[in-house]
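Hi,

Here is the structure I promised to pass on. My notes follow below it.

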Amino acid sequence: MKRVFYTEDHEAYRETVREFLAREVVPFHEEWDRERWIERSVFARAAKAGIYALNVGEEFGGADEQDYRYRMIVCEEAARANASSFGLTVSLQDDLVLHYLTDLTNDEQKHRWLPGFTAGELIGALAMTEPGAGSDLRGIRTTARRDGDRWILNGQKTFISSGIMADLVIVAAKTGQHNGSDVFSLFVVEQDTPGFERGRKLEKIGLPAQDTAELFFRDATVPAENLLGEEGRGLHYLMSHLPRERLGVSAMAMATTRAIFDQTLDYCRQREAFGAPLTAKQHVRFELADMSTEIDIVQTYVDQSVLAYNANELTPIDAAKGKWYVSELQKRVIDRCLQLHGGYGYMTEYPVARAFVDTRVQTIYGGTTEIMKEIIGRDLAAPH
């Protein structure tokens, strides 16, 4: 079935993305993985090439392009280039941090942060998770206390993507004393903030070049003008931005699943066993048929989710459905693709091996599969 989703303009953009990745990312991503660090100057070049921050207004250096299909193309091409750490870092900027900065900032804050972000000179991070608070955001214990024209932050965050590289971190903190939903607020903590310290760059089983960190706030002094949005609305802001974040996870998962499947199909056509290609074996053909069919069917859901997002109609429930199902599909398909590669699939020189470990986090971050099902289940059980 032909996929009718992109226009000629989208395909022209694809060539731009593909050329950029071939020149600026592919020659270096193995070195970045070894060093556990992406050379940050690449993000300025990516921004200049229009690889992210397209939907920022023209007055701040963006293209004011709201069509999420352009993001999908970046996901697809990064996956084909096997540049998982780079692709995820771009996704974190474009699908996560950017929309807090465009949606919640006042005019002064926009002029202070958006031009640098759009130029790829400012890297951002979102700090929600704590050692004792992951999916349960109400368990956040980091506090912020008003002291004149500043806020004093105390607490700890962990598993923060781009936490080492980030120039500014959006931090969720408790600003009230009771236990309601209106006790949390968001703050932009800049890198030179007194009392803000970065801890370890955490060791992960996958995505080695994409840094993940612990962050500490010990009487960190944040100017009052760095409050993001309204005081007490932090939990609402976090919840309202989850559909975009989860769509981003679905987009990356779908792109990687298809890329690894396509590479595995080529491998099975070329690899010979017992005097014939692997595709001459019925079992292999059935495995490929199963995966191809499920990928095509799930791709339709993701495409419809993108169009719904473009129309401002993507609901938190629909985003949760896509997030858990596509990420679980990715895990399942890549495991089967590795198996079809045999011993070569266990060698890190093959993309399927790296994708196998990079994929494992997909069902965890952005809300675990179990939390996604709970969200969907509660909605189904509620009176309508």
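The UniProt record, an unreviewed entry, places the feature "domain: Acyl-CoA dehydrogenase/oxidase C-terminal" at residues 232-380. Keep in mind that this is a predicted model. In the model, residues 232-380 are 75% helix and 3% strand. The end C-alpha atoms of that span lie 29 Å apart.

Next, the cores. The largest nonpolar core has 93 residues. Within this core, F43, Y52, F86, I170 and L186 have the most contacts. Helix α8 (residues 242-270) supplies the largest share, 12 residues.

F86 deserves a look in your viewer. Leaving out residues up to four places away in sequence, F86 touches F20, L21, V25, W32, I38, V42, F43 and A46. Two of those names, F20 and L21, come up again as buried residues of α1.

Now helix α1. It covers residues 8-24, 17 residues in total. From first C-alpha to last it reaches 24 Å, close to the 24 Å expected at 1.5 Å a residue. Its buried residues are H10, Y13, R14, V17, F20, L21 and E24. Where do they sit around the axis of α1? They fall within an arc of 130 degrees, so they line one face of the helix. As background, an α-helix has 3.6 residues a turn, so residues three or four places apart point the same way. The cover over the buried residues of α1 includes α2 (29-35), α3 (41-48), α4 (69-80) and α5 (84-103).

Best wishes

Key: Residues are numbered from 1 along each chain as its sequence is written. This is a predicted model: local features need pLDDT of at least 70, side-chain atom pairs count only at pLDDT 80 or more; totals for chains, interfaces and linings use all residues. Side-chain values use heavy atoms; hydrogens and water are left out. A nonpolar core is a set of buried Ala, Val, Leu, Ile, Met, Phe, Trp, Tyr and Cys residues joined through side-chain atoms within 4.5 Å. Buried means under 20% relative accessible area, exposed over 50%, partly exposed in between (1.4 Å probe, protein chains only). Helices (H or I, at least four residues) and strands (E, at least two) are DSSP runs, numbered from the N terminus. Contact means heavy atoms within 4.5 Å. UniProt positions are given in the numbering used here, feature names are shortened, and annotations may be inferred rather than shown by experiment. The expected span of a helix is 1.5 Å times one less than its number of residues. The arc is that of the directions from the helix axis to the C-beta atoms.
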